[in-house]
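Hi,

Here is the structure I promised to pass along.

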Amino acid sequence: MTDLIGWASSFILLITIAVQVRKQWLAGSNKGVSKWLFIGQLAASVGFLVFSILTDSLVFTITNAMLTLGNLCGILIFFKNR
């Protein structure tokens with residue numbers, strides 16, 4: 001049951017970042033989005049990724065790896081749209 005809660009929560013979190021990145025991509029605009037949002041989230045997700053690997057947590061390792069990729073995409077799109 002614990003793993004199910006972790007995977008479900010991870011899925012929800014990953015969907016929210018994917019929706020934001022997709023919205024930026026399709027709009028071709030950064031209106032209302034700060035570059036610091038993705039930079040801060042990238043720094044946090046890299047830190048959490050390292051922590052997750054060190055604590056041997058599969059749910060968090062996968063989630064934080066995906067968040068890191070999503071945040072990198074967000075940053076790249078942000079600078080492309082400038």
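**What I found**

Of the 82 residues in the protein chain, 30% are buried (under 20% relative accessible area, with exposed meaning over 50% and partly exposed in between; 1.4 Å probe, protein chains only). Keep in mind that this is a predicted model, where local features need pLDDT of at least 70 and side-chain atom pairs count only at pLDDT 80 or more, while totals for chains, interfaces and linings use all residues. Residues are numbered from 1 along each chain as its sequence is written, and side-chain values use heavy atoms, with hydrogens and water left out.

The fold first: the chain has 3 helices and 0 strands (DSSP runs numbered from the N terminus, H or I of at least four residues for helices, E of at least two for strands). Its C-alpha trace spans about 40 × 20 × 15 Å along the principal axes.

Now the inside. Leaving aside residues up to four places away in sequence, Phe-38 touches Ile-17, Val-21, Asn-71 and Gly-74, among others (contact means heavy atoms within 4.5 Å).

And the outside: Arg-22 sits in helix 1 (residues 2-27) and is exposed, because its relative accessible area is 57%. Its C-alpha is 16 Å from that of Arg-82, 60 residues apart along the chain.

Cheers
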